[in-house]
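We will go from one stop to the next.

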Amino acid sequence: MGAQQLTGAQQRPDRVVVVGAGQAGYQVAASLREQGHQGGITLVGQEDGLPYERPPLSKAYLKGTADESRLWLRPEAFYTRERVTGTGTVVAVDRPARAVRLGDGRVLGYDHLVLATGSRPRTLDVPGADLRGVRTLRTLRDARALRTDLAGAAHVVVVGAGFIGLEFAAAANEMGRRVTVVETHRRPLGRVVSEPTAAYVTRLHEERGNELLLGQGVAGLRDDGCGRVAAVELADGRLLPADLVLVGVGAAPCTELAEAAGLSVAGGIVTDEQLLTGDPCVSAVGDCAAFPDPRSGARVRVESVQNAVDHARLVADRLTGAPRRYRDLPWFWSDQFSVTLQIAGLDRGHDRAMVLESAPDCFSVLLFRDNGLVAVESVGRPGEHMAARRLLGGGVPLSPWEADAPGFTLRAHLKARSGGPVPAAA
Ligand SMILES: Cc1cc2nc3c(=O)[nH]c(=O)nc-3n(C[C@H](O)[C@H](O)[C@H](O)COP(=O)(O)OP(=O)(O)OC[C@H]3O[C@@H](n4cnc5c(N)ncnc54)[C@H](O)[C@@H]3O)c2cc1C
């Protein structure tokens with residue numbers, strides 16, 4: 001079906017209001033101007049300061065090797081020059097009136113509304129979860145507080161061995177803290193990586209002195225008598241001393257506005273393949289959007305910079321007269337200690353994992369389903385990661401038998417199949 005048939009959306013609306021000034025919201029505004037949008041752009045964000053990127057919050061910023069100005073997506077002058085205005089919290093969307101209401105009572109009319117409200121950290125539902133010293137990590141404000149807490153902490157407990165928990169655990173370790181990670185699943189990154197990669201990540205942390213307690217739940221958090229956390233009580237009754245607890249048990253999409261406005265919500269704000277909600281005047285992008293995955297057909301929600309940026313670009317293209325379907329390949333990265341893990345593709349259940357190893361800290365795991373490649377996890381092989389993105393994104397076929405050949409590499413396969421140049425390392 002060609003672009004001509006993608007006509008559900010409005011053509012070239014004048015006033016665009018974006019709710020949420022994070023990675024996706026900022027990118028909608030920037031891409032709209034790049035694509036020649038002349039009308040108003042109001043980017044309404046409830047956090048203080050300029051839009052910033054979150055990945056360094058659990059990495060360089062936490063360790064003190066990047067200062068705050070390195071986080072800004074653009075300097076202040078950009079917003080003035082490009083006539084992008086607005087701060088505040090949107091408290092309601094009035095779709096019949098095509099207007100949003102802000103917490104301070106202002107009402108902003110829109111021709112098109114983009115919901116880029118992101119997600120928020122899940123919290124623990126156990127006694128003591130609200131004690132001082134028990135924190136989550138999502139915002140710059142959270143990271144500032146964690147930096148201060150880390151400076152005075154001796155025993156750090158991380159609840160949840162997902163990306164944010166493990167990145168925090170690595171950073172705290174590098175700052176000389178004693179770190180214990182508690183995870184209910186039997187392996188770290190259980191939802192997002194294969195068994196071989198999870199085993200590597202476990203070794204990586206353990207060899208550097210972090211303790212991983214896997215298959216272990218948290219029953220509660222104990223007080224020091226003055227309202228501050230002193231220990232974590234495990235489900236098996238053990239007590240872990242703790243003066244700082246980072247809760248990294250995943251994030252939930254911010255969907256309240258959409259829900260209250262009568263838009264469909266199912267594990268995220270429901271959109272079609274153009275990232276349009278059921279209302280042709282409202283789009284949803286980034287962490288908050290639940291959209292059809294072009295490869296599996298399943299409705300998915302993805303939390304990554306790539307997803308936020310590519311969603312935003314697609315919406316800006318559509319609003320400036322170039323509608324298309326979302327087809328971008330998901331990819332992710334995580335920095336822990338000196339290691340960068342890179343993932344290309346979305347593994348929604350593989351039936352075969354093949355490890356290509358060139359050294360203990362340099363390997364790729366190829367994940368197949370029904371004999372087709374669905375995702376590739378790489379450590380220390382950026383060239384293979386880039387080749388995986390090109391293979392998966394371009395639909396270049398690869399069978400497990402081809403990958404089993406001696407000396408096989410994704411880069412060589414890509415070159416042989418496409419005849420194009422081999423991608424440089426990311
Ligand atoms: C610590 C950390 C490390 C990460 N590391 C990586 C990484 O290494 N690689 C990677 O790919 N991804 C990483 N991510 C994920 C990535 O940052 C997110 O997927 C991305 O920020 C999503 O962008 P977004 O715009 O959808 O949401 P956000 O960036 O969360 O922006 C949403 C914004 O909307 C605002 N908002 C919500 N409701 C309202 C309202 N009603 N009115 C006004 N404003 C509102 C929120 O306050 C927020 O500022 C990391 C995330 C965190 C927290």
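This tour visits aromatic pairs, charges over rings and salt bridges.

Please note that this is a predicted model, where local features need pLDDT of at least 70, side-chain atom pairs count only at pLDDT 80 or more, and totals for chains, interfaces and linings use all residues. Residues are numbered from 1 along each chain as its sequence is written, and side-chain values use heavy atoms, with hydrogens and water left out.

**Aromatic rings**

Select F78 and Y79. Their ring centres are 5.0 Å apart and the planes stand at 90°, so the pair is edge-to-face. Rings of Phe, Tyr and Trp (its six-membered ring) pair here if their centres lie within 6.5 Å; planes under 30 degrees apart count as stacked, over 60 as edge-to-face and the rest as tilted. F78 has a relative accessible area of 4% and Y79 one of 10%, so both are buried (under 20%; exposed is over 50%, partly exposed in between, with a 1.4 Å probe and protein chains only). The whole structure holds five aromatic pairs.

Next, select Y200 and F363. This aromatic pair is edge-to-face too, with 5.0 Å centre to centre and 65° between the planes. Y200 belongs to helix α6 (residues 195–207) and F363 to strand β25 (residues 362–369), 163 residues apart. Helices (H or I, at least four residues) and strands (E, at least two) are DSSP runs, numbered from the N terminus. Both Y200 and F363 are buried.

**Charges over rings**

Move to R389 and W331: the charged end of R389 sits over the ring of W331, 3.8 Å from its centre. For this, NZ of Lys or CZ of Arg must be within 6 Å of the ring centre and within 35 degrees of the ring normal. Then show R208, whose charged end sits over the ring of F337, 5.1 Å from its centre.

**Salt bridges**

How many salt bridges are there? The count comes to 22, taking a side-chain nitrogen of Lys or Arg within 4 Å of a carboxyl oxygen of Asp or Glu.

Select D48 and R141, whose closest N and O atoms are 3.4 Å apart in a salt bridge. D48 lies in the loop between β2 (41–44) and α2 (60–63) and R141 in helix α4 (residues 140–151), so the pair ties together parts 93 residues apart in sequence. Both D48 and R141 are exposed.

Finish with D317, R324 and D328, which are linked in a network of salt bridges.
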